[in-house]
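Q: Can you walk me through this protein? Keep it brisk.

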Amino acid sequence: DTGKSTSTVRSTAAPAATLGGELLSVEITPKDPTNSRLKIDAAYTYSGNQVTQYCMLLTQTGESNAIAATANRLASDNTFGEMGLTHDIPTPTSGTLTFSVRVGSSISGSMYLNGLSTPIFGDNIFPAVLTVEEYIEET
């Protein structure tokens, strides 16, 4: 689904992990959860039909709030923006973890991946990435 019309909220509280619409997700089972860290990178190019703040949330299975977030404001409607974030955490568990990128606007505008209302700009060559790398620390 490349069009997202769900909203995120502007608040001083951490955003709930259910806000926005899911754009990407990835699973990882850490190889050495007691001696490692996870580096999570997320980025995408988008457009929106409103001059407003667009938000990207990074969520993790089992967490009620987003574990990281960023926002960008488009200068005018139907223009392109880019959002990205890097988040580094101690490996929280030995089981399978799912990380997701959720996106939305601070009002009821729509945002689109790779296009203006339809995902056709640039033949879908703009990147949308969510990667998780495990770094094992020497003991």
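Predicted model: local features only at pLDDT ≥ 70, side-chain atom pairs only at ≥ 80, totals over all residues.

Q: Start with contacts. What share of those between residues at least 6 apart in sequence join residues at least 24 apart?
A: 79% of them do. Contact means heavy atoms within 4.5 Å.

Q: How many helices and strands?
A: 0 helices and 9 strands. Along the sequence the pattern reads β-β-β-β-β-β-β-β-β. Both are DSSP runs numbered from the N terminus: helices are H or I with at least four residues, strands are E with at least two.

Q: Switching to surface. What's the accessible area of the protein?
A: About 7,300 Å², with 48% belonging to carbon and sulfur atoms. The method is Shrake-Rupley with a 1.4 Å probe; for residues, only the protein chains shown count as cover.

Q: And how much is buried?
A: 41% of the 139 residues. Buried means under 20% relative accessible area (1.4 Å probe, protein chains only).

Q: How many aromatic pairs turn up?
A: The whole structure has 2. Y44 and Y46 make a tilted pair, 5.7 Å centre to centre with 50 degrees between the planes. Y46 also forms a tilted pair with Y54, at 5.5 Å and 50 degrees. Rings of Phe, Tyr and Trp (its six-membered ring) pair if their centres lie within 6.5 Å; planes under 30 degrees apart are stacked, over 60 edge-to-face, the rest tilted.

Q: So what do the ring pairs link into a cluster?
A: Y44, Y46 and Y54.

Q: Are Y44 and Y46 buried or exposed?
A: Both are buried. Y54 is buried too.

Notes
Residues numbered from 1 in each chain as written. Heavy atoms only, no water. Buried < 20%, exposed > 50% of the residue type's maximum accessible area, 1.4 Å probe, protein only.
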